[in-house]
Amino acid sequence: MTDLNPNSEMDSLAADLTVVRDFLDRAEPPEELSSNEREALLAQTKELMAKKNAKLVAHYYTDPLVQDLAEDTDGFVGDSLEMARFGRDSNADVLIVAGVKFMGESAKILNPEKTVIMPTLEATCSLDIACPIDEFSAFCDANPERKVVVYANTSAAVKARSDWVVTSSIALEVVEHLMSKGEKILWAPDKHLGSYIQKTTGADMLLWNAACIVHEEFKSRGLGDMLQMYPDAAVLAHPESPSSVLEIADVVGSTTQIINAAKSVPNKEIIVATDKGIFHKLQQVAPDKNFIIAPTAGNDATCRSCAHCPWMAMNSLQSMLNSLVNTSNEIYVEPKLAQQAMVPLQRMLDFASKNRLQVKGKA
Ligand code: 13P
Ligand code: SF4
C-alpha cells in the first residue's frame, strides 16, 4: 500500500497520478468519424457480429454510438456487475466487452467457456493500477483477522485474494451483512467509496489508499457555486467522488442507481457527479430533465480525466471492428486464478439474488 497519509487528499492525488501517468499517456482518444465512415463501420460490425454469434456488452460511460449498437443488436448496456451477468446468461459464442480491463476479466471469469474480446486491452482503471497484487497481498497478510472486501475495479489476482467482491450498487449491504456477523473489514482500493461505506454503516474498516482519477476531480466548492445558479437542482453523485461532494449530494449511488434516481426525483434540473458518458442514458430515460455535469478542477482542454474516463473513451467503433475481424484482444485469465476469483464474485451474485437486491443495470 502507498505510504502516503490517507488524510491528505492532495498528496494521495499526486501519488496516484504518478502511478497512472504511463497508462494515461497511452490512452489515445479515438479519431472523429464522418457520418459515412460511421455508417459503414456500424454495418460491417453488425454483419460480423451476426456471423460470429457475438454480443456486445457496454458500460454506461462508453461512446453513445457503442451503447446504441449494443442495444440495437440485443446486447446490453449497464454497470460492471450486470455486464458480467448478461454475458453469463447469454447464448453468444463471443462476448465483446466495451469498458475497461477489469470488466473484461470479470466477464471471462464468469463465462470461462466463452470467447471474451475487448476493443482494446489498453483500457484500464486507476483503481486497478493502484492496487498491485504483491502490495495488496502483504496488506492482507498483515491483517489476517479482517474480512477482505474488494471493489470490482480490481485485477483478477486481487479478486482471487479476497473474501468478497462488491460493486458500488451493493457495497453497503454487503458491509452491513458482515458487520452484523461481527466482522472487521479490510477494504480496497477506492478510499472515497471505502470512507463513504464506513461513515454510512459505522463498520470497522481499514482502507487502501487509491482513487478514481475521474471522480476525484469533482470539487465541492465549485458544486456549491453551481447550486447558487441552480438552487432547485438535485445533486446525484457516484460514491467514488470525494466525501465533501458526497455530503452535498441528494442521492449517492452506482451508475444504475443514479439513472433510477434521475427518473424518480421531482427536480427538473439535475447536477450529476459521475462520468459524462452516462448522460446518453440519462437523457433517454428522463428526456424532460436538464442534466448538468458537476464542476471539476481543471478545464476540458487540458484535463485528461475531467468527467470522462480516458480509458472508457478508447472503446471506439473502429477498434471494436478490428478486434472482431481477427477475434483479437482476447481476455485470458489463468484458469486456477479464475477459479479462485470466481468464489468472491459468485458470493456477491448469490448475496444479491438472495436479498433480491436491485443489481440490474438496464434502466
Ligand atoms: P458502476 O458499477 O457504478 O457502473 O461503476 C463502475 C465504475 O467504474 C465507476 O467509475
Ligand atoms: Fe476506473 Fe474511474 Fe474510469 Fe471508472 S471512471 S473505470 S473507476 S478510472
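Helix α4 (residues 80–89) and helix α5 (residues 101–110) cross at roughly 35°, and their axes come within 9 Å. Helices here are DSSP runs of H or I with at least four residues, strands are runs of E with at least two, and both are numbered from the N terminus. Axes are lines fitted to C-alpha atoms, for helices over the stretch in contact, with angles from 0 to 180 degrees between N-to-C directions. The crossing of α4 and α5 is right-handed (the near helix is turned clockwise from the far one by less than a right angle). Ser80, Met83, Ala84, Gly87 and Arg88 of α4 meet Met103, Ser106, Ala107 and Leu110 of α5; contact requires C-beta atoms, placed from the backbone, within 7 Å. These residues divide into 5 nonpolar, 3 polar and 1 charged (Ala, Val, Leu, Ile, Met, Phe, Trp, Tyr, Cys and Pro count as nonpolar, Asp, Glu, Lys and Arg as charged, the others as polar).

The model is predicted: local features need pLDDT of at least 70, side-chain atom pairs need 80 or more, and totals for chains, interfaces and linings use all residues. Residues are numbered from 1 along each chain, while chains are lettered from A and ligands numbered from 1 in written order.

Four strands form an open sheet in the order β10-β9-β11-β12, with parallel pairing. β10 (251–252) and β12 (290–293) are the edges; each has a single partner strand, so one side of each lacks a neighbour in the sheet. Pairing requires at least two DSSP bridges. Strands β9 (residues 234–237) and β11 (residues 269–273) share 4 bridges. Leu236 has Val272 of β11 as its bridge partner.

Technical notes:
Two residues are in contact if their C-beta atoms, placed from the backbone, lie within 7 Å.
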